[in-house]
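Thanks for coming. I will go through one model today, with the charged pairs and the chain interface as the topics.

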Amino acid sequence: MAEALDLSSFVEHGSAGAARMTLAVDGVSCAGCIRKIENGLTKLPGVIDARLNFTQHRLVVAWREAEIEAPAIIKALEGIGYRAYPFAPERVEADESRQAKLLLRCLAVAGFAAMNVMLLSISVWSGNVSDMTQETRDLFHWLSALIALPAAAYAGQPFLHSAWRALRARELNMDVPISVGVVLALGLSVYETATHAVHAYFDSAIMLLFFLLCGRYLDLAMRRKTRLFAGNLASLKAEFAHRLDAAGELTRVPVTALAPGNRILVRPGEVVPADGAVLSGNSEIDESLVTGETVPRAVGGGATVYAGSINCSGALTVMVTAAGTGTLVDEVERLLQKATEAKSRTVRLADRAARLYAPLVHATAALTLIGWLIAGNSFHDAIVTAIAVLIITCPCALALAIPAVQVVAAGQLFRSGVILNSGDAVERLAEVDTVVFDKTGTLTLPDPAVDASGIDPDLLERAARLALSSRHPLAAALARRARRRLPYPGAVEEPGQGVRALIDGVEARLGSAVFCGVGDGEAESMSRHTEASYIGFAHGGRTAMIPIRQSLRPDAVAVIQALKARGLNLMVLSGDRSEAVGPVAARLEIREWLAGLTPAEKIAVIDLLKAQGRRVLMVGDGLNDAPALAAAHASLSPISAAHLTQAQADALFLGEHLAPVLRAVVVSRQARSLMRQNLAITAIYNTLAVPIAVGGLVTPLIAAVAMSSSSILVTLNALRARFGMRRERNGESIVPAPMLVSANEPAGDSIAPLVRASVEPVT
Amino acid sequence: MNVLIYLVPMALLLGLTGLAGFLWSLKSGQYEDLDGAAVRILPDDDLTT
């Protein structure tokens, strides 16, 4: 069957027949890869340029359309040994990258201005205590103004915009007092300079902007990293479909190009690209990513299949009913929207502090003004003192108190394999007292693994290398074990049966028991492992049945114990059958578990827990978990999760261990206590500094010393999060287990009516 | 103190040159691939022996 690849939706057309495309490349690990890929492609006739971004694992190729076509480039990459997929950047990613560039430019400008203004200020301070003339001081102040005013106008953009937006929505956020403080400090300084005063505050304003921008940029950089990982992973999942046209010709098209009414062919081992109805063919469908159910479902003509499920055995012709979004996905989206709205009402700690703080500071300043006027001072003196109050309480430390901890905690989490998706995730993670796990892909490894016990390693290696040529999901699990990652030349895949190839001149077969001619004796051994799937291998006279199964994450038991030791309630909510969930829960000693849940029921359980006053951390990866993730107080997903699910989680974790879940909770709790300490430090600083300011005794030197010392104190305190983690690694617990015994009664009874499958409590 | 008349503009000019240099490097995409630059230097196949 001839098959064309249609990539037109990914190709950008330039002038004079030139075209460009961005590809996500898998398996780039070293300098050699860059050279191999770039040289290999530029050697092709018609390719103008190929440039690999090693940080992002993305390749930009430019070529002349008359000489070569996009599919040939991907084919060539495959020939060199790299899987590459066309990549369409998401809008969020483009927005964030623009924002990061703006922040970096603001940071550069603020940094330049801060350095130069400080140089001038220090000269003035030392001049004030020696023999500086008034003319020189005025010159230095005017120079400071010349540098600081345009720099603040440029570098202050992010804060001024955000404060303006908040004010227009009749709300207060941290940027409001920051903007007010900066604008007033600059305005007063200009006035003071014009009246030949001894003090000006240009340095305070510009240093504040510089420190704040550092924090903002680091925070954004961390979130961009997450999105990068997730974006690449999504395109590596190869979202392609085989579309059948009226004449029965096959075209490979990106999933985004599918429309309802299209007929598509789904081969064994492929992911169903869109929701649809089966027109012809019989097969088994693995819906574990969609519903969490691990046992394949048999489908035939007329059956409904969902996007994201995997076709296991036979080829299916499917009529697309909804592309991209479908009935199930629609349902999930609808639930998601509701859940997200509910969550956005929780107020972040920093904003809560700002709401309390801003009116207090502004009232103090107003009272100072009135007080000095009543005391009989001139209006000028009174307003100067009032503004000094605003400047010294200008929330330098307060504005740093929480972001500094967030940045350090995010870096700490990244090192433990947790990447944050949302800025305030740390705060919410710290508050959880109940952890709800999904089973498939979360407690168990996302991909089934080979159980190699009792199989000749040499035979297994040959089977694994042969599996490289197959697209079947079971074969993929086997292929991961191959030490030499080079497929056998001339391997042929027989659809629905297996792969065969000549190895050392003898035919080898990999696939179903019948296809491989595996004897009854071997097949009998299969009954040993009921929950495993089998793949047969035959080479020469030797045969083997290789079991492949879902296995628990290697450290699951230890992590669950550690979470319990920290006083957290644990629960498993799965869409899988109770026969599959029960044993897992029993092995992990989790007493509360529910099976066979739909997305709506998962939300209902979480809402019930919320109504009991619990703060729930949801850990899940399936499409069916996405609404529950959004509904929960905080959420975590493994990086292998479905695309939509990833987007909902507060944080993603990498690797095949469950330990990041524990780290996320531990680091967040520590971060929260540091945030509180920092808020306390700034409160103390303000109670000490405000009387001095109200008394009219503030000089820029006092202001500078007080501000920078409080900022440094707060930053150093935030850095303690790093040292804390090191102690934790040495096995010393830094987080005392909170006493939550009262919340320990099983929630099983009240939830029971929701459960479709009969659930026996495991003892 | 007359020395300030040319020292201060010079200092500012130097600072501005640094800033302009940074903004130029940002604009020309030198921060797009920080890890790549570190490994790209390693292959020495451009040497002719």
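A definition before the pairs: a residue counts as buried when its relative accessible area is under 20%, as exposed when it is over 50%, and as partly exposed in between. With that in place, take A:Asp458. Its relative accessible area is 43%, so it is partly exposed. What you have on screen is a predicted model.

First, the scores. The model comes with ipTM 0.87 and pTM 0.66. For chain B the average pLDDT is 84, and 88% of its residues score at least 70.

Now the salt bridges. Over all chains the count is ten. In general, side chains of opposite charge can pair when their charged atoms come close.

Which residue does A:Asp458 form a salt bridge with? The partner is A:Arg462, and the closest N and O atoms are 2.4 Å apart. Both residues sit in helix α14 of chain A, residues 457–467, four residues apart, which is about one turn of the helix. Is A:Arg462 buried or exposed? A:Arg462 has a relative accessible area of 15%, so it is buried.

A:Glu431 and A:Arg615 form a salt bridge, with 3.2 Å between the closest N and O atoms. This one links distant parts of chain A, as the two residues are 184 residues apart. A:Glu431 is in the loop between α12 (425–430) and β17 (434–437), while A:Arg615 is in the loop between α20 (599–611) and β26 (616–619). On accessibility, A:Glu431 is at 26% and counts as partly exposed. A:Arg615, at 38%, also counts as partly exposed.

That leaves the interface. How many salt bridges are there between chain B and chain A? The count is two. One of the pairs is A:Glu38 with B:Arg40, where the closest N and O atoms are 2.8 Å apart. A further salt bridge joins the side chains of A:Lys101 and B:Glu32, at 3.5 Å from N to O. This pair crosses between chains, from helix α3 of chain A, residues 91–128, to the loop between α1 (4–27) and α2 (34–40) of chain B. A:Lys101 has 31% relative accessibility and counts as partly exposed; B:Glu32 is partly exposed too, at 42%.

As for the contact as a whole, 20 residues of chain B are in contact with 22 residues of chain A. The two chains bury about 1900 Å² between them, and 71% of that is on carbon and sulfur atoms. On the chain B side, B:Leu12, B:Leu26 and B:Arg40 lose the most area to chain A, together 29% of what that side buries. So far as polar contacts go, seven residue pairs are counted between the chains, with both residues at pLDDT 80 or more. On the side of chain B that touches chain A, α1 and α2 each supply at least two residues, and α1 gives the most, with ten. By type, the residues on that side are 13 nonpolar, two polar and five charged.

That is the end of the list.

Note on methods:
Residues are numbered from 1 along each chain as its sequence is written. Chains are lettered from A and ligands numbered from 1 in the order in which they are written. Side-chain values use heavy atoms; hydrogens and water are left out. A salt bridge is a side-chain nitrogen of Lys or Arg within 4 Å of a carboxyl oxygen of Asp or Glu. Buried means under 20% relative accessible area, exposed over 50%, partly exposed in between (1.4 Å probe, protein chains only). pLDDT is the predictor's confidence in each residue, from 0 to 100. Contact means heavy atoms within 4.5 Å. Buried area is the accessible area (1.4 Å probe) that two parts lose on being put together, summed over both. A polar contact is a pair of N or O atoms within 3.5 Å; within protein, one must be able to donate a hydrogen and the other to accept it, and residues adjacent in sequence count only if both atoms are side-chain atoms. Ala, Val, Leu, Ile, Met, Phe, Trp, Tyr, Cys and Pro count as nonpolar, Asp, Glu, Lys and Arg as charged, and the others, Gly among them, as polar.
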